[in-house]
Amino acid sequence: MEERGFRWMGFALALVWFVLSLFPLYFVLVTAFKPPLAVSRGPTYLPFIDFQPTLQAFRDAFLGLRGDFWGPIVSSVVVSVSATILAVLLGSMAAYALVRFEFRIRLASGLLFAVIAIGGFLLLHDLWGMRVPFALGLVLVVALLASVLVNRLPLPGPVLGNNDVTFWFVSQRIFPPIVSAFALFLLYTEINRLGLQLTDSYLGLVLAYTAFGLPFSVWLMRDFLATVPLEVEEAALVDDVGRFRIFFQIVLPMALPGLIATSMIVLAFIWNEFLFALLLTSGDWQTLPILLAGQQSSRGDEWWAISVATLISIAPMVVVATVLGRMMRSGLLSGSIK
Amino acid sequence: MWTTSVITVLSVVFQYVLGFALALALHHNVPGSSLYRVTFLLPMFLAPVGVALIARMIFHPYLGPMNDLMGAIGIGNLPFLTEPNLAMAALISVEVWQWTPFVTLLMLAGLQSLPQEVFEAARVDNIGAWRRFWDITFPMLLPISVAVVFIRLVEGFKVIDTVFVMTGGGPGTSTETLTLYAYNEGFKKFNIGMTSALSFTFLVVVILFGTLYLALAQRLTRRYA
């Protein structure tokens, strides 16, 4: 008896939530087809009964009557696709290394890196007056070399293993993005002054988003790659196949479903990202979220037009969510998310 | 600071309770659950900016369905986005709407990884569903719950896009979150130093808070385990 009661409650809850999650989307879809008059007369829900659907809003948007619309779409697609490819490629390489090789990093050498990097930067920039990008680049290279060398020495102090390295990657997600976004903005404007345009440019955005997507791809790909059996690789190693060929021709194809899932998640995050785009773009490379946020102020609230823009920006993600939902149902993701 | 904490904590509480309940419902295969799985995922993948715009439309004083509903139950028009408390409530509900799926997804994965034997044993011993949940399911899922809540809290602290679009921090500054405040200082008032200082303080606060939370959570899980 009690069992049944809980089942009913669960079913009712699921049903209510189902309606709640779909209703707003339905409303946007409907609004996009409304003529302006139908919108301003108050909320209406059923096409053909409450109002006559029209494609006017879509036509306006794509013919550019409400400002450049194709620009943001193109830049969104180009930037998010290239950043996703880069992030997933680099991320799965890093994840592969984390799964197959054992790293031992001494905390002391990590600290040395921080000391040389920060101290050296202050020295070069503030005392010798070196330009920020040069000082930063020089200092990072020197600090990296020094800490790699020092890592070989038997230093006292704790030794960090692979799990700590992974946590280091994931921890990048913990701190608020305004911290890095703002620092990045300052650095980009510094580099701009040297003549290399990074703010509001393809290169700058892709770089920022690759860094933004890396934590996810390392984290997820690590779980997926851990399930790839070792024996095949060992066989290939015996046959004297190079590591790169093993990675690209054996490991990656075997982890293909995971690779697809990871790419989609990373793509979704980059596609939706707002803060970096807000800070780093101003005109040429504005992405869709920025266009959306700008919609409301430019000409008052023209809800039919806003609905069209919103629909365009969420349509690819609906596809992504559907595909991922199917993968989840087949039990593919349940193992990896744990 | 206060605003951010209120929004974050309240919305995470709702997300967790709702998300867990939904995960339980899905786990026990209520009718139509395969359809729900896809739809429940959906809000999570939509651009927060888009979601916020939709929410603005839904909460619109006289064009939105929300006030249509309010009128139908006889409450009348409520100024959802221009009255401080209501604006907070609207923001929180949007956050809950968008991120409950995340909790559901992870809790479902957690539920599916639990060993079945324990539940069968409990069933044989004729232990009620309510007690089964509190004495078995909940403690066993505590580690993953801790992780999920942590992720949501941290993410919640960073919220800017929803607020930026829905209320712009208003009315007044009643819904201005930390990130939005830092952004406004730097890019509207060109107070770069202030923004740097703010974001750095922010970082320290998040790190402190995270360490505290994780330490507390560890004690809690240990007591149960």
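Modeller: Ile314(A) is buried, its relative accessible area being 4%. Bear in mind that this is a predicted model.

Colleague: Why is Ile314(A) called buried?

Modeller: The label needs a value under 20% relative accessible area. Ile314(A) has 4%, so it counts as buried.

Colleague: Where is Ile314(A), and what does it touch?

Modeller: Ile314(A) sits in helix H15 of chain A. Leaving out residues up to four places away in sequence, Ile314(A) touches Leu25(A), Leu46(B) and Ala47(B). To be called touching, heavy atoms must be within 4.5 Å. As for Leu214(A), it is 100 residues from Ile314(A) in sequence and 23 Å away in space, C-alpha to C-alpha.

Colleague: What makes up the contact between the chains?

Modeller: Chain A puts in 63 residues and chain B 67 residues. Together the two chains bury about 6,200 Å², with 79% of that on carbon and sulfur atoms. On the chain A side, H1(A) gives the most, with 20 residues. By class, the side of chain A that touches chain B has 44 nonpolar, twelve polar and seven charged residues.

Colleague: How many salt bridges does the rule find across that interface?

Modeller: Zero between chain A and chain B. To count, a side-chain nitrogen of Lys or Arg has to be within 4 Å of a carboxyl oxygen of Asp or Glu. For polar contacts, the count between chain A and chain B is one residue pair, with both residues at pLDDT 80 or more.

Colleague: What makes a set of residues a nonpolar core, and which members of the largest one touch the most others?

Modeller: The members must be buried residues of the listed nonpolar types, joined through side-chain atoms within 4.5 Å. The largest core has 147 residues, and Tyr209(A), Leu279(A), Phe45(B), Phe164(B) and Met166(B) touch the most other members. Helix H5 (residues 84-112) of chain B brings the largest share of this core, 15 residues. Met166(B) has contacts that include Ala52(B), Phe59(B), Leu81(B) and Val94(B), again not counting residues up to four places away in sequence.

Colleague: How much of chain A counts as buried?

Modeller: Of its 338 residues, 45% do. Chain A has 16 helices and two strands. Among contacts in chain A with a separation of 6 or more, 73% are between residues 24 or more positions apart.

Definitions and conventions:
Residues numbered from 1 in each chain as written. Chains lettered and ligands numbered in written order. Predicted model: local features only at pLDDT ≥ 70, side-chain atom pairs only at ≥ 80, totals over all residues. Heavy atoms only, no water. Buried area = accessible area lost by both parts, 1.4 Å probe. Polar contact = N/O pair within 3.5 Å; in protein donor to acceptor, adjacent residues only side chain to side chain. Helix = DSSP H or I, 4+ residues; strand = E, 2+ residues; numbered from the N terminus. Nonpolar A, V, L, I, M, F, W, Y, C, P; charged D, E, K, R; others polar. Buried < 20%, exposed > 50% of the residue type's maximum accessible area, 1.4 Å probe, protein only.
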